[in-house]
Amino acid sequence: TMIAGASDTVVSALSFLLLTIGHHPEVQPDTSTVTAMSVFLVLLYAVCLLLLTIYLQFRWQYRHILAAAAKLPCPPTLPIFGNALLFVGNIADVTKNLLKVTTQFDTMFCFWIGPIPIFVVVDPADIQILLNSSSMLEKDHVYSLIKIFLGNSLLQAPVQMWKKYRKLMNPVMHPSNVEHFLPVFNDVGRKLTDRFSVSSSPSDRTDDIFDMALDASIRTVISRIPISDETKTDIKYVLDTIGRIFILRVFKVWLHV
């Protein structure tokens with residue numbers, strides 16, 4: 001009896017509420033607002049479902065790699081983000097963070113960028129195995145960020161294209177040909193040594209090393225005749241700008257598009 005009475009009371013209250021709303025249109029919900037909200041919820045559910053599908057597909061496609069990464073030590077991670085906060089800040093901050101992390105491990109480890117593991121190899125023997133493996137010739141997608149500057153060069157060309165042009169370059173890279181470049185390397189090395197031998201206060205020697213590498217590259221690849229300082233300055237500016245843009249795109253995910 002109490003349940004029946006309570007039901008009658010609820011029905012009466014709802015009937016009175018509907019009757020009151022019917023006599024006051026200003027308090028009735030806006031149909032356009034309800035429709036817009038419904039569309040928004042449908043889109044939100046669709047996006048969430050799409051992201052979940054992509055995530056599950058990623059987990060299944062790379063399940064063996066993820067299983068191997070789970071067995072390796074890694075720095076403390078955050079939910080969802082992993083170790084992505086290590087890459088927050090300018091290049092100097094990111095470099096300090098990475099150096100701090102790498103000094104904590106004596107063996108191979110990994111850190112996580114969201115759900116993606118990044119393997120770090122420490123032992124030179126392991127590095128040799130990786131470099132000699134034919135299955136490691138395919139470049140990571142990060143190399144595609146520099147494709148806009150260099151096209152399909154040997155740095156980021158697909159494996160089939162890389163093998164073709166690398167085979168053509170083998171005679172040039174023979175040790176007997178490389179020996180002809182030793183006088184150039186010795187010359188630029190002596191010049192750099194002379195610069196470093198001058199006593200001075202502690203300073204950044206990056207520009208000196210960059211000039212030496214640029215001079216050696218130009219005299220061995222382009223021309224043995226020294227080029228003008230103005231041309232060197234222009235080349236240095238272009239290479240420095242490309243390098244900065246590339247590094248910026250590597251550490252800024254939204255610039256990968």
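Colleague: Which residues in α10 are buried?

Modeller: Quick caveat before that: this is a predicted model, with local features needing pLDDT of at least 70, side-chain atom pairs counting only at pLDDT 80 or more, and totals for chains, interfaces and linings using all residues. Residues are numbered from 1 along each chain as its sequence is written, and side-chain values use heavy atoms, leaving out hydrogens and water. Buried means under 20% relative accessible area, exposed over 50% and partly exposed in between, with a 1.4 Å probe and protein chains only. By that cut-off, the buried residues of α10 are Asp208, Leu214, Asp215, Ala216, Ile218, Arg219 and Thr220.

Colleague: And what covers the buried residues of α10?

Modeller: Here I go by contact, i.e. heavy atoms within 4.5 Å. The cover includes α9 (182-197) and α11 (229-251).

Colleague: How many helices and strands does the protein have?

Modeller: Reading from the N terminus, the order is α-α-α-α-β-β-α-α-α-α-α-α-α. That comes to eleven helices and two strands.

Colleague: How many bridges pair β1 with β2, and in which sense?

Modeller: Two strands count as paired if DSSP finds at least two bridges between them. β1 and β2 form a hairpin with two residues between them, and glycine 114 in the turn has a positive phi of about 65 degrees. Phenylalanine 109 stands opposite valine 120 in β2. β1 (residues 109-113) and β2 (residues 116-120) pair in the antiparallel sense, over five bridges.

Colleague: Which residues make up the largest nonpolar core?

Modeller: A nonpolar core is a set of buried Ala, Val, Leu, Ile, Met, Phe, Trp, Tyr and Cys residues joined through side-chain atoms within 4.5 Å. The largest has eight residues: Leu86, Phe87, Val94, Val101, Phe105, Phe109, Phe111 and Val120.

Colleague: Which elements give two or more residues to this core?

Modeller: Phenylalanine 105, one of the core residues, is in contact with Pro73, Cys74 and Pro75, leaving aside neighbours within four places in sequence. The elements giving two or more are α4 (91-102) and β1.

Notes
Helices (H or I, at least four residues) and strands (E, at least two) are DSSP runs, numbered from the N terminus.
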